Amino acid sequence: MNAEELLRRYAAGERNFAGVDLSSVDLREAELTRISLVGANLRGVNLTGANLNCSALRKADLRNANLKGTDLSGANLIQANLQGVDLRRALMWGTGLREANLSDANLQGANLTNAWLNNAEFGITGNMESTILIGTNFEGARISYVLCENWRFKSIYNAFYWYTIMPDGSTVVGPRYG
C-alpha cells in the first residue's frame with residue numbers, strides 16, 4: 001500500500017490497517033490517531049512528526065523507521081520491533097512497549113513518562129541522553145550497552161543491566177539486576 005491510498009482510506013473513516021505493508025513509505029507529519037497497524041510491515045517508514053496518539057502497533061515491524069518527533073502517546077507497541085528506530089524527541093506518554101525490541105534505537109530527548117517497558121530489550125541502544133522516564137516501568141527489561149546520561153526517572157524494577165552507564169555516572173560492566 002502506498003501513502004496516498006492509506007491517507008485516503010483513513011480520511012474516509014477506515015482505521016483498521018492490520019498487517020499492511022507500508023515499508024519505506026513517507027508519512028511524515030501524517031495525522032493517524034487511533035489507527036490500527038497491528039502486525040504491519042513499517043520497515044524504513046518515515047513518520048517524522050506524525051501523530052499516532054492512541055494507535056495500535058502491536059507486533060509491528062518498524063525496523064530502521066524514522067519516528068523523530070512523533071506523538072506515540074498512549075500507543076500500543078507491545079512486542080513491536082523498533083530495532084534501529086529514530087525516536088529522538090518522540091512523545092511517548094503512557095506508551096505500551098512491553099516486550100518491544102529497542103536495540104540500537106535512538107531515544108535521545110524522548111519523553112517516556114509513565115510508559116510500560118516491561119521485558120523490553122535495549123541491547124546496544126545508541127542513545128538515551130536526556131530521555132524523560134518519570135514513572136516508567138522497566139520491570140524485567142534487558143538494558144545492555146546503553147548510555148543513560150541525564151535520565152530523569154522514578155524507579156527501575158528487576159531490570160537486567162550489562163555494560164550500561166547509569167544516570168549517576170557509574171558503569172555496570174557485568175550483569176546486574178536492579
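Predicted model: local features only at pLDDT ≥ 70, side-chain atom pairs only at ≥ 80, totals over all residues.
**Exercise 1. Which ring does the charged end of arginine 15 sit over, and how far is it from the centre?**

Solution. Residues are numbered from 1 along each chain as its sequence is written, and side-chain values use heavy atoms, with hydrogens and water left out.

Next, apply the criterion. A charge sits over a ring if NZ of Lys or CZ of Arg is within 6 Å of the ring centre and within 35 degrees of the ring normal. The ring belongs to tyrosine 10, and the charged end of arginine 15 sits over it at 3.7 Å from the centre.

**Exercise 2. Find the buried face of α1 and the face turned away from it.**

Solution. Helix α1 spans 3-11.

Step two: sort by accessibility. Buried means under 20% relative accessible area, exposed over 50%, partly exposed in between (1.4 Å probe, protein chains only). Ala3, Leu6 and Tyr10 of α1 are buried.

Step three: look down the axis. The buried residues fall within an arc of 70°, so they line one face of α1. That arc is taken from the directions from the helix axis to the C-beta atoms. An α-helix has 3.6 residues a turn, so residues three or four places apart point the same way.

Step four: turn to the other side. The face away from the buried side carries exposed Glu4, Arg8 and Ala11.

**Exercise 3. Trace the salt bridges of arginine 9.**

- Arginine 9 bridges to glutamate 5, with the closest N and O atoms 2.8 Å apart.
- Both residues lie in helix α1, 4 residues apart, about one turn of the helix.
- Arginine 9 also meets glutamate 14 in a salt bridge, at 2.7 Å from N to O.
- Together, Glu5, Arg9 and Glu14 are linked in a network.

Arginine 9 is partly exposed at 23%, glutamate 5 is partly exposed at 28%, and glutamate 14 is partly exposed at 29%.

**Exercise 4. Is aspartate 61 buried or exposed, and which residue does it bridge to?**

Solution. Aspartate 61 is buried, because its relative accessible area is 16%. Its salt-bridge partner is arginine 63, with the closest N and O atoms 2.5 Å apart. Arginine 63 counts as partly exposed, at 26%.

**Exercise 5. Identify the residues with the most contacts inside the largest nonpolar core.**

Solution. Start with the definition: a nonpolar core is a set of buried Ala, Val, Leu, Ile, Met, Phe, Trp, Tyr and Cys residues joined through side-chain atoms within 4.5 Å. The largest has 42 residues, and Leu27 and Leu62 have the most contacts inside it.

Then list neighbours. Contact means heavy atoms within 4.5 Å. Beyond four places in sequence, leucine 27 touches residues including Ala3, Leu6, Val45 and Ala50.

**Exercise 6. Compare two loop residues, threonine 70 and alanine 18.**

Solution. Threonine 70 lies in the loop between α1 and β1 (132-133). Alanine 18 is found in the loop between α1 and β1. Threonine 70 counts as buried, at 0% relative accessibility, whereas alanine 18 is partly exposed at 42%.

Contacts follow, leaving out residues up to four places away. Threonine 70 touches Leu47, Gly49 and Leu91, among others. Alanine 18 touches Ser36, Leu37 and Val38.

How values were computed
Salt bridge = Lys/Arg side-chain N within 4 Å of Asp/Glu carboxyl O.
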